[in-house]
Amino acid sequence: MEDQWTEAALAADLKAVLKDMVDRSAPRSGDIFVVGCSTSEVQGRRIGKAGSPAVADVLYPVLEAFAKDYHLRLAFQCCEHLNRALVVSRETAIIENLTEVSVIPHYRAGGSMATCAYRRMRDPLVVEDLAHRAGYGIDIGLTMIGMHMRPVAVPMRLAHHTIGDAQVACAFSRPKLIGGERARYTLEAADAYQGDGKKA
């Protein structure tokens, strides 16, 4: 696809996926939005073999605008050569008490998307992990972002599931459902039962 993709087509693909995500489950203000992206896969090449700064330059502003619209904090996953560390803002690292590491992502170690984010994000740094605190995530090219999601991660089945030639997987997190047979998970269900566990 390297000679076929256009900036407009890739941006449109990403916008369609993001709209599907919101329609499926709107993000919560303040959530960390983790992004994994193989620009090689977007072009129809094997992950890690044909990274493209040009593709990253198209996708980054769409993701940045989405995060701004929904008051999300972006985290961009680096490639396996940096142990899937993440580019975040210093503010996010401080708020979440994340562990900073000393490395600068670049095209051959970190990946094109993380490199783009590091150069364009305001006051960026790289953290070792997110301590499972991401509440919303998009995985472009199946780069395995699940390790950063907050339990319980719920995959989304979307109408749009490709960006360029890359397969896309998306997820949101929900709080764990705790309790046994007496547990209720909505106020309405709780109000329908008396203290002895019998229906009112």
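How many residues apart are D23 and K19 in helix 1? They are four residues apart, about one turn of the helix.

The model is predicted: local features need pLDDT of at least 70, side-chain atom pairs count only at pLDDT 80 or more, and totals for chains, interfaces and linings use all residues. Residues are numbered from 1 along each chain as its sequence is written, and side-chain values use heavy atoms, with hydrogens and water left out.

**View 1. Salt bridge between D23 and K19 in helix 1.** A salt bridge is a side-chain nitrogen of Lys or Arg within 4 Å of a carboxyl oxygen of Asp or Glu; seven are counted by this rule. Here the N to O distance is 2.9 Å. Helix 1 spans residues 7-24 (helices are DSSP runs of H or I, at least four residues, and strands runs of E, at least two, numbered from the N terminus). D23 and K19 are both exposed (exposed means over 50% relative accessible area, buried under 20%, partly exposed in between; 1.4 Å probe, protein chains only).

**View 2. Salt bridge between R133 and E96.** The N to O distance is 3.7 Å. This pair links distant parts of the chain, 37 residues apart: E96 belongs to helix 4 (residues 90-96), and R133 to the loop between strand 5 (124-127) and strand 6 (134-140). R133 is partly exposed at 30% relative accessibility, whereas E96 is buried at 15%.

**View 3. Network of R28, D31 and R150.** Salt bridges that share partners join these three residues. The side chains of R28 and D31 meet at 3.4 Å, N to O. R28 is partly exposed, with a relative accessible area of 36%, and D31 is buried, at 9%.
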